[in-house]
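Dear colleague,

Please find the structure below, with the sequence alongside.

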Amino acid sequence: MILYGTETSPAVLAGTIRRIGDVKSRGGVGGLGATMLGVGEWAPDFTLPADDGHKVSLKDFRGKKVVLYFYPKDDTTGCTKEACSFRDNLGRVTTKGAVVLGVSRDDTKSHVKFKDKYHLNFPLLSDDDGHVTTAYDGSIAKVWRKVKVEGHTDEVLAAL
């Protein structure tokens with residue numbers, strides 16, 4: 001599984017039997033005083049509301065690969081470029097047996113507007129209280145410390 005972030009959120013690739021993982025903050029939310037999970041570390045399950053009103057749990061994807069990417073805010077320049085890149089390359093992701101989930105602290109109402117405006121074809125999850133940044137269920141296989149928006153989707157796909 002891949003955990004992905006933008007300029008303000010680190011990116012992580014995780015792969016295990018459960019094929020799920022996440023970026024974890026220790027000692028803080030939003031990266032303040034945080035230590036990110038390293039390669040091979042485990043992360044606990046989470047459940048978040050999606051833009052369609054349903055709840056999405058990490059355990060829903062056991063045995064699958066998931067591109068779980070974190071972004072700071074809906075409808076901002078970098079975040080929009082990333083979302084549109086995943087939208088445009090979703091077929092390439094799914095041919096590798098993976099799904100894409102976007103996560104930010106925006107509420108579901110904001111996600112719905114963002115998704116509709118850019119015709120996004122994958123779920124957006126609302127981590128409004130930041131708890132997903134402190135809980136996980138997967139083994140980390142790769143970490144990107146700095147992410148350049150342009151070309152990062154190709155790096156993520158190459159890692160699947």
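**Aromatic residues and a helix pair**

Tyrosine 69 is buried, with a relative accessible area of 0%. Please note that this is a predicted model. Phenylalanine 122 is likewise buried, at a relative accessible area of 2%; for both residues the label applies because buried means under 20%.

There are five aromatic pairs by the rule applied here. One of them joins tyrosine 69 and phenylalanine 122 in an edge-to-face arrangement, with 5.9 Å from centre to centre and 65° between the planes. This pair links distant parts of the chain, 53 residues apart: tyrosine 69 belongs to strand 5 (residues 65–70), while phenylalanine 122 sits in the loop between helix 3 (108–118) and strand 7 (124–126). Both residues also belong to one aromatic cluster, formed by Tyr69, Tyr71, Phe86, Phe114, Tyr118 and Phe122.

Phe86, a member of that cluster, also takes part in a contact between two helices. Helix 1 (residues 77–88) and helix 4 (residues 152–159) have axes that come within 10 Å and cross at roughly 45°. The two helices are therefore oblique to each other, and helix 1 passes helix 4 in a right-handed crossing. On the helix 1 side, the contact involves Glu82, Ser85 and Phe86; these meet His152, Thr153 and Val156 in helix 4.

Yours sincerely

Definitions and conventions:
Residues are numbered from 1 along each chain as its sequence is written. This is a predicted model: local features need pLDDT of at least 70, side-chain atom pairs count only at pLDDT 80 or more; totals for chains, interfaces and linings use all residues. Side-chain values use heavy atoms; hydrogens and water are left out. Axes are lines fitted to C-alpha atoms, for helices over the stretch in contact, and angles run from 0 to 180 degrees between N-to-C directions. Helices (H or I, at least four residues) and strands (E, at least two) are DSSP runs, numbered from the N terminus. Angles under 35 degrees count as roughly parallel, over 145 as roughly antiparallel, 65 to 115 as roughly perpendicular and the rest as oblique. A crossing is left-handed if the near helix is turned anticlockwise from the far one by less than a right angle, and right-handed if clockwise. Contact means heavy atoms within 4.5 Å. Rings of Phe, Tyr and Trp (its six-membered ring) pair if their centres lie within 6.5 Å; planes under 30 degrees apart count as stacked, over 60 as edge-to-face and the rest as tilted. Buried means under 20% relative accessible area, exposed over 50%, partly exposed in between (1.4 Å probe, protein chains only).
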